[in-house]
Amino acid sequence: MLKRRVLYAAMAACAVSCSAHAAPPMTDAEWTAYEESHTRFIFQQFGADPETARWAAWAMKYQPSSRCAMSARPVFHAVEGGMSLFPGDGEGMVVDHICEPEALKHDALTVPPFSAIEGENERRQWKITQRDIDKARQEEDERHKEIIANTQVVTHKCQFDYVEYPEEAQELGNEGSVRATCHFQKDKDNYWHADSCNFSYRKGTDDSFLNEAKRYMTSACWSSDNFPVSLDHNGTGARTIDFSLGGK
C-alpha cells in the first residue's frame with residue numbers, strides 16, 4: 001500500500017513538472033513566420049540571394065499566379081524532397097529577376113490571379129486598382145499585336161537578303177574579302193541580327209566591297225537553324241564575306 005502511494009505521488013509530481021516545461025502550441029502568426037523562414041532557407045540553398053528568396057517565399061504564398069511563384073515552386077519541392085531539378089527549373093527566379101518587386105507588380109497588373117483572395121493580396125501589396133489593371137492589360141495586348149506585325153514585316157525583309165557583288169568591281173574583275181566583327185542578338189522577331197560592327201579587309205580590297213558588306217550585315221538576319229557565326233560569352237562573333245568571281 002505504501003509503495004502504491006509513493007507511485008501515485010511521483011506520477012502527480014511528474015504531471016505538474018512535465019506540464020510546466022512543455023512548449024505551448026505555436027500560434028498562427030508563429031507558424032506562418034516559421035514556414036516563410038523555412039521557405040527562404042530552401043531558396044538560398046538553391047542559390048538565390050536573401051532578397052530574392054524573401055520575395056519568392058512571399059509570392060508562393062500570396063501571389064501564386066506570378067512568374068516568380070511559377071519558377072520558385074518546383075525548386076521548393078525538389079530541394080525540400082531531395083529530388084533532382086529539371087534543366088531550367090528556377091532559372092528565371094535567379095537569372096531573369098522575376099522575383100523582384102517591379103516584376104511582381106507587373107505580373108499583378110497583367111496576369112489574372114488564381115483566386116479573388118490573391119487579387120485582393122495584389123491590390124493591397126502593390127496599391128493598384130482595377131482601372132490600373134485594365135489599362136496595363138490593354139497596353140500589353142497592343143504591344144503583342146505590334147510585335148506580331150513587326151515580326152511579319154522584318155522576317156520577309158531581312159531573312160532573304162544576300163550579299164551582292166558590286167557591279168563595277170565585277171566588270172573590272174576585282175575580288176576582295178571583308179571581315180565583320182559584330183555583336184549579335186535575337187530581336188523580337190526571334191531572328192539573329194548584327195549591330196555594333198567593326199570591319200577589316202585585306203589590302204587591295206575595293207571600297208565597294210566594304211560598303212556592300214556593311215549594307216548586308218546591317219540589313220540581314222538569320223534563323224537559329226541557319227546562323228553562321230560562333231559567339232563568345234558577350235555575344236560577339238565574326239563573319240568573313242568573300243567576294244570572288246564565279247560565286248557569292
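Is C182 buried or exposed? Hold that thought for a minute. First, the ground rules.

This is a predicted model, where local features need pLDDT of at least 70 and side-chain atom pairs count only at pLDDT 80 or more, while totals for chains, interfaces and linings use all residues. Residues are numbered from 1 along each chain as its sequence is written, and side-chain values use heavy atoms, with hydrogens and water left out.

Now C182. It is buried, with a relative accessible area of 1%. Buried means under 20% relative accessible area, exposed means over 50%, and partly exposed is in between, using a 1.4 Å probe and protein chains only. The partner of C182 is C197, and the two form a disulfide with sulfur atoms 2.0 Å apart. The pair links distant parts of the chain: C182 is in strand β1 (residues 176-186) and C197 is in strand β2 (residues 192-201), 15 residues apart. C197 is partly exposed, at 22% relative accessible area. The torsion about the S-S bond of C182 and C197 is about 115 degrees, so this disulfide is right-handed.

Two terms there. A disulfide here is a pair of cysteine sulfur atoms within 2.5 Å. Helices (H or I, at least four residues) and strands (E, at least two) are DSSP runs, numbered from the N terminus.

Stay with the strands. β1 and β2 run antiparallel, joined by eight bridges. Two strands pair if DSSP finds at least two bridges between them. A180 stands opposite F199 in β2. The two strands form a hairpin with five residues between them. In that turn, N190 has a positive phi of about 70 degrees.

How many disulfides does the structure hold? Two. The other one joins C68 and C99, with sulfur atoms 2.0 Å apart. C68 lies in helix α4 (residues 67-81) and C99 in the loop between α5 (91-94) and α6 (101-110), so the pair ties together parts that are 31 residues apart in sequence. C68 and C99 are both buried. The torsion about their S-S bond is about 100 degrees, so this disulfide is right-handed.

That brings us to α4. This helix has 15 residues and reaches 22 Å from its first C-alpha to its last, close to the 21 Å expected at 1.5 Å a residue. The expected span is 1.5 Å times one less than the number of residues. The buried residues of α4 are C68, A69, S71, A72, V75, F76 and A78. What covers them? The cover includes α2 (28-46), α3, α5 and α6. Contact means heavy atoms within 4.5 Å. After α4 comes G82, with a positive phi near 70 degrees.

Most residues other than glycine have a negative phi. H97 has a positive one, near 60 degrees. H97 sits in the loop between α5 and α6. At 45% relative accessibility, H97 counts as partly exposed. K127 also has a positive phi, near 55 degrees. K127 is in the loop between α7 (116-126) and α8 (130-158). K127 is exposed, at 71% relative accessible area.

On to the rings. Rings of Phe, Tyr and Trp (its six-membered ring) pair if their centres lie within 6.5 Å; planes under 30 degrees apart count as stacked, over 60 as edge-to-face and the rest as tilted. The count comes to 13 aromatic pairs. Take W58 and Y62: their ring centres are 5.7 Å apart and their planes are at 35 degrees, so the pair is tilted. Both lie in helix α3 (residues 50-62), four residues apart, about one turn of the helix. W58 counts as buried at 15% relative accessibility, and Y62 as partly exposed at 25%. Elsewhere, F184, W192, Y216, W222 and F227 form one aromatic cluster.

Charges meet rings too. A charge sits over a ring if NZ of Lys or CZ of Arg is within 6 Å of the ring centre and within 35 degrees of the ring normal. The charged end of K61 sits over the ring of Y62, 5.8 Å from its centre. R54 lies over the face of W55, 4.7 Å from the ring centre.

Last stop: E212, in helix α10 (residues 207-219). E212 is buried, with a relative accessible area of 11%. Which residues does E212 touch? Leaving out residues up to four places away in sequence, E212 touches Y162, V163, E164, P166 and F243.
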